[in-house]
Amino acid sequence: MDHIESRSPQSPDDLVVQVPDSPAAEVSAAVERTRAAGAGWARRPATERAAALGACADALAAAAGEVAALVVREVGKPVGEAAGEVARGVAILRYFAQAALLPEGDVYPPADGASLLHTRRRPHGVAGLITPWNFPVAIPLWKAAPALAFGNGVVLKPAEQSPAVALRLAELFAGALPDGVLTVVTGGGAAGAALVERADAVSFTGSVAAGARVRRAAAERGVPVQCEMGGQNASIVLPDADLAAAAQAIAAAAMGYAGQKCTATSRVIVVGDADGFAERLVAAVEALGVGDPTEPGTAVGPVIEAGARDAVVNAADRAASRGAKVLTGGRPLDRAGWFVGPTVVSGVPEGDELLTEEVFGPICAVVPAASPEAAVEAANSVRYGLVAALFTRDLGHALTLAPRLDVGMAKVNAPTAGVDFHAPFGGAKQSSYGPREQGPAARDFYTRTTTVTLTP
Ligand code: NAD
């Protein structure tokens, strides 16, 4: 069997783990084993499933420091954010432990006046979860926790860059869940594709390109599928905004965790003095701690791999060759590991990829807009529609412009990055496909409804 090596982005000589690149037959066998174990799990009372998820939460909470350190080591996430992600994972498990106990159906007035006409929910069977590396705890858990809470077995295929974290989570939960109910299969895109061919429901988070293949394959088989994909997220700054606060929020949203969040800000659309705001933004970006992700003061660590660093440098160089100005960053840092300076660019010509495509690194472009309406139009002009932010002190602008942003999540005076796990999460256009994730929406995805007529 071929193998995959996961290496630490800040010290590429550090081999975190070597795991099998599971072939299709192995993935298929994992699905069948999980299906067998999952059948018993589906029959357990919801109170038992809730208790088991609570025990998973306790196990993760008890190991929080160790898991956060592994996240830092495997994907280079700054330690403060890694600790926050693990805490969020614990909260997600507790939330879905409670959600398992909510009423599961509705009762309807029957036409005959006598029958009991009601709905029941059933799990699908095996939920196939395919996840990216950038939130190696939170994303697997915001899929696995509801899948398990509502009685599914789970096969998780983590990204090839973050198998160690996924395997550690499965180990931690082994004492809390019945054997075989949660299985991790390691591997790359082919293993993911094999999972899509076998699972009874598929939840994917990752790039637009992979998501397009996943949803086609799942639709072909007629199984429920949801895909959360990339973003090219805009932050709009109006002249009446608290400009200092906006610059701080946007710097953090664009550069935090080296811009490797689907909700990172990539375009800063400024109505009014765009050059003046760019200066403020550059100052806020240059004040961020850059470097060793194990240091508590670091906001911007490494990017995940050499190609990701090169993508940032190339995007800045290409824009510069077309007349743009690189205001800060744009070059690799002179240290071991995959580090690139947080990069702010202005004067990017219309149509440049920096304004239309996701780079997924610490780079953003500042662009002027003639009016608030033009800013919204510019924000909406891309094929993505995950999240957008609007900075203004004018309640009228907030109320009228926010709903016109063609995105799944609109924020006013708050950074694009950062989500509340108990509210629906998802995007518009190419950023999302299928039902929302998280919050109450998760139950709709991980169950199917049967309408039962019970006539005396
Ligand atoms: P990726 O698409 O390369 O990989 C994601 C997962 O899909 C991995 O597990 C990978 O092995 C698997 N995969 C790849 N090809 C596949 C195929 N044909 N069939 C089945 N599985 C396949 O993405 P990545 O580099 O790991 O993550 C970065 C991307 O994820 C960015 O585009 C980012 O915006 C996006 N993302 C989106 C969200 C969201 O919720 N919208 C959250 C985090 C990341």
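A crossing of two helices is left-handed if the near helix is turned anticlockwise from the far one by less than a right angle. Keep that in mind for the first stop. The model on screen is predicted.

**Stop 1: a helix pair.** Select residues 46–62, helix α2, and residues 79–99, helix α4. Their axes lie 8 Å apart, at an angle of about 165°. Angles over 145 degrees count as roughly antiparallel, so α2 and α4 are roughly antiparallel to each other. α2 passes α4 in a left-handed crossing.

Now show side chains. On α2, pick Ala-50, Leu-53, Gly-54, Cys-56, Ala-57, Asp-58, Leu-60 and Ala-61. They meet Val-86, Gly-89, Val-90, Leu-93, Arg-94, Phe-96 and Ala-97 of α4. This contact has 11 nonpolar, 2 polar and 2 charged residues.

**Stop 2: the largest pocket.** Centre on Trp-133, Phe-204, Gly-206, Ser-207 and Ala-210, the lining residues nearest the middle of the largest pocket. The space here is about 930 Å³. In total, 42 residues line this pocket. Colour α7 (189–198), β8 (201–205), α8 (208–221) and α11 (306–321); each gives two or more residues to the lining. α8 gives the most, with 6 residues. By type, the lining holds 21 nonpolar, 12 polar and 9 charged residues.

**Stop 3: the second largest pocket.** The second largest pocket holds about 300 Å³ of space. Select Glu-350, Leu-355, Val-367, Ala-378 and Ser-381, which are closest to its centre among 15 lining residues. Then colour β11 (265–271), α12 (353–356), β14 (363–369) and α13 (372–379), which each give two or more residues to this lining. Here β14 gives the most, with 3 residues. The lining divides into 10 nonpolar, 3 polar and 2 charged residues.

How values were computed
Residues numbered from 1 in each chain as written. Predicted model: local features only at pLDDT ≥ 70, side-chain atom pairs only at ≥ 80, totals over all residues. Heavy atoms only, no water. Axes fitted to C-alpha atoms, helices over the stretch in contact; angles between N-to-C directions. Helix = DSSP H or I, 4+ residues; strand = E, 2+ residues; numbered from the N terminus. Parallel < 35°, antiparallel > 145°, perpendicular 65-115°, else oblique. Contact = heavy atoms within 4.5 Å. Nonpolar A, V, L, I, M, F, W, Y, C, P; charged D, E, K, R; others polar. 1 Å grid on protein atoms, 1.4 Å probe; cavity = no way out; pocket = protein on both sides within 12 Å on 5 of 7 lines; lining within 4 Å. Points joined across faces, edges and corners; volume = space filled by probe spheres on them.
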